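Morning, everyone. I have one structure to show, and I will keep to how its parts are arranged.

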Amino acid sequence: PWTLLVADDNQDVLDRLDRILTQEGFQVLQAGDGNETLEVIRASHPDLVILDLLMPRLTGFEVLRQIRQDERIQDTRVLAMSSVYKDNVLEFLHELGADGLLDKENLMDTIVFRVRQILDPEDHSS
């Protein structure tokens, strides 16, 4: 199964995403801040990181920047999530190499589709 890392400083969000994604057959890892996120990525090499942008210690932006600069993990796919949804954020994330941005308002409705879209694009080309 695909391994996902969900990184968010809100335990409620982590638990809800964990439940939804586990039911869909994904293996789910969790991280509660930016530093822990990088540690888990380096240790476990998940197929996709679902990354909150506003976390303590290291923001999601900084985590993404460090992922892309570290050749051992730079190919890690990252789906950012935020409740602050602005066009300039999208452009900035794209420049940093994110694979997409999820709006936290609709997170639970869209998460499975977006994850599958990134990990298995052939399945969702229609």
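First, the ground rules. This is a predicted model, where local features need pLDDT of at least 70, side-chain atom pairs count only at pLDDT 80 or more, and totals for chains, interfaces and linings use all residues. Residues are numbered from 1 along each chain as its sequence is written, and side-chain values use heavy atoms, with hydrogens and water left out.

Helices (H or I, at least four residues) and strands (E, at least two) are DSSP runs, numbered from the N terminus. Two strands pair if DSSP finds at least two bridges between them.

Now the sheet. Five strands make an open sheet, ordered β2-β1-β3-β4-β5, with parallel pairing. The edges are β2 (27-31) and β5 (100-103); each has a single partner strand, so one side of each has no neighbour in the sheet. On average, neighbouring strands here are turned by 20 degrees against each other, direction ignored. Axes are lines fitted to C-alpha atoms, for helices over the stretch in contact, and angles run from 0 to 180 degrees between N-to-C directions.

What is the bridge partner of L51 in β4? The partner is A80.

Next, the helices. Contact means heavy atoms within 4.5 Å. Helix α1 (residues 11-23) lies across β1 (3-7), β2, β3 and β4, at about 170 degrees to β2. Helix α3 (residues 60-69) lies across β3 and β4, at about 150 degrees to β3.

Two packed helices are described by the angle between their axes and the distance between the axes. For helix α2 (residues 34-44) and α3, the axes come within 9 Å and cross at roughly 30 degrees. These two are therefore roughly parallel; angles under 35 degrees count as roughly parallel, over 145 as roughly antiparallel, 65 to 115 as roughly perpendicular and the rest as oblique. The contact involves G34, T37, L38, I41 and R42 of α2, with V63, Q66 and I67 of α3.

The other pair is α1 and helix α5 (residues 107-119), packed at an angle of about 50 degrees with axes 10 Å apart. That makes them oblique to each other. On the α1 side the contact is made by V13, R16, L17, I20 and L21, and on the α5 side by L107, M108, I111, V112 and V115.

That is all I have.
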